Amino acid sequence: VSPAAFRSMRMNIQLLEMSASCLLACAATVTLLFSLSFGRTEVIDNTLNPDFVRKYILDYFFEEKQNLRFDIRLEKPLGGIPGKKCGTVILTAEELGNCRDCATMQFCANKLDKKDFFGRSDPFMVFYRSNEDGTFTICHKTEVVKNTLNPVWQPFSIPVRALCNGDFDRTIKVEVYDWDRDGSHDFIGEFTTSFKDLSRGQSQFNVYEVRTEVFRHVNLLSFSVESEHTFLDYIKSTSLHYMNPYQMNAYAMALKAVGEIIQDYDSDKMFPALGFGAKLPPDGRVSHEFPLNGNVENPYCNGMEGILEAYHQSLKTVQLYGPTNFAPVVNHVARYAAAVQDGSQYFILLIITDGVISDMAQTKEAIVNAAKLPMSIIIVGVGQAEFDAMVELDGDDIRISSRGKLAERDIVQFVPFRDYMDRTGNHVLSMARLAKDVLAEIPDQLISYMKSRGIKPNQTPLDSSPTGQTPPTGL
């Protein structure tokens with residue numbers, strides 16, 4: 001594998017798992033070595049048919065030829081005729097599931113078969129996971145418990161994707177052997193199970209019959225599952241507002257995606273930007289309607305760059321705090337829209353949220369009241385939360401109502417940003433997709449308002465504001 005190809009393999013996200021078994025012409029100690037010292041198997045003594053447990057994860061590119069070299073290392077060199085076939089290396093590969101859980105379990109057995117002439121048995125278990133083609137691949141070996149027919153094996157942990165590749169119904173085969181020093185281990189019996197069955201824990205469902213001449217039993221003593229955490233899990237921030245120095249967070253991307261398009265329809269490109277759900281300095285007062293730039297008298301920001309700068313600065317000064325109320329900002333914009341209903345201005349409120357809302361009833365009432373005004377509301381959901389409340393506010397299927405009163409128009413458009421994230425990490429493409437969908441309904445919403453008020457194009461005054469007053473900026 002060339003160095004360039006090796007680097008690209010590590011960068012890809014599609015993974016393959018590989019295991020190997022090897023047939024040799026004589027008994028020897030065997031290891032398997034990937035080219036460029038990618039990995040080395042464990043050593044297996046005194047066997048012609050080693051079945052290696054250790055796996056290797058490789059990044060796979062469909063469009064590239066990826067050559068791998070396998071070296072067989074022996075403690076003693078093989079004799080024989082040069083060039084003569086000395087055995088076969090068998091590889092199995094499967095695409096890994098996106099499962100990061102790790103299972104920990106413990107087993108015991110009762111009254112196993114006596115296989116040793118001068119003693120009892122030295123039992124150990126071998127676990128195999130089933131492959132997509134119906135074959136089995138070894139995935140774990142327990143330790144050997146010496147000289148007993150009632151072994152209690154030590155608890156062991158194994159990644160769930162190694163055990164069943166994240167498929168909880170996939171068959172897991174377990175074989176029980178009596179260990180022999182010469183490698184010719186005696187077969188005691190076997191049974192099958194699944195991750196789904198094991199997850200029931202110690203119960204009657206996890207008492208397995210190991211059948212030889214008579215029935216023996218293997219019992220599951222304990223079973224637990226926990227998520228495996230990576231290095232990045234520990235160092236990354238859990239806040240959706242986290243400011244990565246190398247890329248925008250979801251809030252900033254949503255702002256930029258939508259704002260850069262609608263700002264071109266505004267004459268002076270000055271926009272009021274408000275935050276909600278935070279404690280404000282210096283007294284820690286909780287606010288649901290505060291200017292991001294900190295200026296109560298003039299909350300306007302110059303274009304999208306000004307909004308983003310105010311947003312970043314506000315994160316350094318305010319403390320994010322619940323509850324999360326939408327109604328105040330909806331009513332804030334509605335007050336501006338109510339003052340200009342002659343068609344000269346149309347207002348768009350962009351709300352970016354993680355899905356939590358504490359004043360659902362008040363927000364629905366505010367939206368119903370705003371539906372008769374020249375305004376639209378765009379809600380972009382960020383993060384992985386459920387957005388059921390936002391879907392209800394959208395009103396595409398059922399028109400939103402409050403206190404028995406239906407909204408005059410559908411003025412809310414909701415989209416979850418995660419549905420538009422490009423899998424390749426192309427944020428420009430993600431933002432373009434988002435903007436296209438969230439703005440798609442705005443023209444029809446504007447037209448529906450104008451028609452309902454009998455307003456025709458080019459019949460609105462250029463400046464309807466009283467002398468000496470600056471009209472509130474909208475679309």
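User: Which way does α5 pass α10, in a right-handed or a left-handed crossing?

Analyst: In this predicted model, helix α5 passes helix α10 in a right-handed crossing.

User: And which residues of the two helices make that contact?

Analyst: On the α5 side the contact is made by M253, A254, K256, A257, V258 and I261, and on the α10 side by H427, M431, L434, A435 and V438. Sorted by class, this contact of α5 with α10 has 9 nonpolar residues, together with 1 polar and 1 charged.

User: At what angle do the axes of α5 and α10 cross?

Analyst: The axes of α5, which covers residues 250-262, and α10, which covers residues 427-438, cross at roughly 55 degrees and come within 9 Å. Angles from 65 to 115 degrees count as roughly perpendicular and those under 35 as roughly parallel, and α5 and α10 are therefore oblique to each other.

User: What about α7 and α8, how do their axes cross?

Analyst: Helix α7 (residues 327-339) and helix α8 (residues 360-370) have axes that cross at roughly 15 degrees and come within 8 Å. Because angles under 35 degrees count as roughly parallel, that is the description that applies to α7 and α8. The crossing in which α7 passes α8 is left-handed.

User: Which residues meet there?

Analyst: From α7, the residues A327, V330, N331 and A334 meet Q362, T363, A366, I367 and A370 of α8. By class, the contact of α7 with α8 has 6 nonpolar and 3 polar residues, and no charged ones.

User: What lines the second largest cavity?

Analyst: Its lining consists of I367, L393, D394, G395, R399, I400, A407, R409, D410, I411 and V412. Grouped by class, these are 6 nonpolar, 1 polar and 4 charged residues. I367, listed here in the lining, is also one of the α8 residues in the contact with α7.

User: Now the backbone: where is the cis peptide bond?

Analyst: The cis peptide bond joins P281 and P282, with omega at about 5 degrees. P282 lies in the loop between strand β17 (278-280) and strand β18 (285-287).

User: And what is the phi of N147?

Analyst: N147 has a positive phi of about 50 degrees, although this residue is not a glycine.

User: Where is N147 found?

Analyst: N147 is found in the loop between β9 (136-141) and β10 (156-159).

Conventions:
Residues are numbered from 1 along each chain as its sequence is written. This is a predicted model: local features need pLDDT of at least 70, side-chain atom pairs count only at pLDDT 80 or more; totals for chains, interfaces and linings use all residues. Side-chain values use heavy atoms; hydrogens and water are left out. On a 1 Å grid over the protein atoms alone, a cavity is a set of points where a 1.4 Å probe fits but cannot get out, and a pocket is an open set with protein on both sides within 12 Å along at least five of seven lines; lining residues have an atom within 4 Å of a point. Ala, Val, Leu, Ile, Met, Phe, Trp, Tyr, Cys and Pro count as nonpolar, Asp, Glu, Lys and Arg as charged, and the others, Gly among them, as polar. Axes are lines fitted to C-alpha atoms, for helices over the stretch in contact, and angles run from 0 to 180 degrees between N-to-C directions. Helices (H or I, at least four residues) and strands (E, at least two) are DSSP runs, numbered from the N terminus. Angles under 35 degrees count as roughly parallel, over 145 as roughly antiparallel, 65 to 115 as roughly perpendicular and the rest as oblique. A crossing is left-handed if the near helix is turned anticlockwise from the far one by less than a right angle, and right-handed if clockwise. Contact means heavy atoms within 4.5 Å.
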